[in-house]
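Please open the model in your viewer and keep the sequence panel at hand.

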Amino acid sequence: MQITVGVGAGAEHLGVDRVVDLGPLHPSAHGAYRLRLTVRDDEVITSAEPLVGHLHRGAEKLFEVRDYRQVLTLANRHDWLAAFCNELAVALAVERMTGMDVPPRAQWLRALLCELNRVMAHLVFLAPLTDPVAAARGREAVQAVLEEASGGRIHFMANRIGGLREDVPAGWAERVAGALDAVEVPEVPTGLEGLGVLSRADALARGVTGPIGRASGVDLDLRRDDPLPAYRELDVRPSVREGGDAHARVACMVDDLAQAVALARECLRRLPGGPVNLRLPKAIKAPEGSVYTRVEAPLGVSGVHLASRGEKTPWRLKLRTPSFNNVQALSALLPGTPVAQLPLVLGSFAVVVGDIDR
């Protein structure tokens with residue numbers, strides 16, 4: 001027997017399972033996500049059902065009525081903490097369809113900006129579980145140099161088809177080095193061991209990627225396995241663990257943060273001169289056909305399937321966003337978790353609601 005109660009219900013129902021609905025969130029939260037939990041009398045979760053789609057913002061359909069320059073305006077909005085990486089995935093799709101050869105300086109700046117974006121995103125997710133003051137200080141320093149380079153604090157709009165919108169300001173590289181010095185890689189907190197275990201088989205079955213997937217033994221990192229030109233010259237060594245629990249997920253994210261800082265420093269050291277974009281025609285038209293591109297965003301694989309009929313707007317532009325796959329894993333890792341430990345488990349499971357209801 002089950003009985004459904006709201007989030008704030010305080011009544012005790014002995015002898016029955018309770019079905020507790022967390023959410024859905026308000027639409028102003030940029031995506032309405034709902035988690036339905038079944039809880040036993042001893043306050044242990046027996047089942048979890050992630051429910052998405054309460055608010056569909058139609059981003060993929062909006063792509064079809066905008067030309068390829070305008071598409072980038074929408075491309076960064078399904079994950080506000082990975083805006084630059086999301087722009088890049090779409091720009092790469094158009095560039096590969098049209099055979100563009102992006103200048104080397106733009107390639108290295110793209111890699112650098114991706115790693116800075118990764119540092120900022122990881123610090124946001126790690127803050128509640130580690131040192132929030134130190135994390136906020138490092139995040140603000142990195143966000144300031146990203147804003148200086150792009151003009152945008154959240155929606156960077158730095159990518160353009162064929163490279164970047166413009167070069168970085170004079171002295172920016174030195175300020176980036178200073179921002180990286182302000183980033184403190186935190187210690188992995190204790191008390192997370194054995195919580196919310198996600199097996200490798202369950203991670204693979206649900207397409208879980210990024211630090212969450214690598215914490216469960218899924219050894220995939222596109223910076224190493226399908227690298228962009230600049231990454232081919234960088235020593236990318238992703239952190240892979242086998243535990244699959246909350247401790248392993250946080251540890252993988254901490255390791256990923258440390259590596260992102262090191263890769264950003266290496267990009268600064270090897271940054272070449274030259275132009276950062278190509279001269280484009282008045283109207284960009286991708287030839288008829290299709291292409292799939294993907295990048296390693298902070299939370300996992302961010303992919304774009306672009307289909308064209310030779311016009312100046314996409315015929316179809318399908319997104320593969322990390323959180324849409326990753327959130328499904330909650331159904332596998334939450335059963336057996338005490339309700340009292342739920343905040344710790346969910347805190348270790350970095351997910352962005354916006355890229356679920358896209």
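Select α5 and α6 to begin: α5 passes α6 in a left-handed crossing, a term that applies when the near helix is turned anticlockwise from the far one by less than a right angle, whereas clockwise is right-handed. Helices here are DSSP runs of H or I with at least four residues, strands are runs of E with at least two, and both are numbered from the N terminus. The model is a predicted one, in which local features need pLDDT of at least 70 and side-chain atom pairs count only at pLDDT 80 or more, while totals for chains, interfaces and linings use all residues. Residues are numbered from 1 along each chain as its sequence is written, and side-chain values use heavy atoms, with hydrogens and water left out.

**First stop: α5 and α6**

Two packed helices are described by the angle between their axes and the distance between the axes. For α5 (residues 132–150) and α6 (residues 172–181), the axes come within 8 Å and cross at roughly 160°. Axes are lines fitted to C-alpha atoms, for helices over the stretch in contact, and angles run from 0 to 180 degrees between N-to-C directions.

Next, display the side chains of Ala141, Val142, Val145, Glu148 and Ala149 in α5, which meet Trp172, Arg175, Val176 and Ala179 in α6. Contact means heavy atoms within 4.5 Å. By class, the contact of α5 with α6 has seven nonpolar, no polar and two charged residues. Ala, Val, Leu, Ile, Met, Phe, Trp, Tyr, Cys and Pro count as nonpolar, Asp, Glu, Lys and Arg as charged, and the others, Gly among them, as polar.

**Second stop: α6 and α10**

On the α6 side, select Ala173, Val176, Ala177, Leu180 and Asp181, which meet Val261, Ala264, Arg265 and Leu268 in α10. This contact of α6 with α10 divides into seven nonpolar, no polar and two charged residues.

Move to α2 (residues 68–75) and α3 (residues 83–98), whose axes lie 8 Å apart at an angle of about 155°. The crossing of α2 and α3 is right-handed. Tyr68, Val71, Leu72 and Ala75 of α2 make the contact with Asn86, Glu87, Val90, Ala91 and Val94 of α3.

**Last stop: the cavities**

How many cavities of 30 Å³ or more does a search of the whole structure find? The search finds five. A cavity is a set of points, on a 1 Å grid over the protein atoms alone, where a 1.4 Å probe fits but cannot get out; lining residues have an atom within 4 Å of a point. A volume is the space filled by probe spheres set on the points, which are joined across faces, edges and corners.

The largest cavity has a volume of about 80 Å³. Select its lining residues, including Leu88, Cys114, Arg118, Tyr231 and Glu296. The largest share of this lining, three residues, comes from β7.

Finally, select Leu113, Ala149, Ala158, Leu164, Arg165, Glu166 and Val168, which line the second largest cavity. About 50 Å³ of space lies in that cavity.

Note on methods. On a 1 Å grid over the protein atoms alone, a cavity is a set of points where a 1.4 Å probe fits but cannot get out, and a pocket is an open set with protein on both sides within 12 Å along at least five of seven lines; lining residues have an atom within 4 Å of a point.
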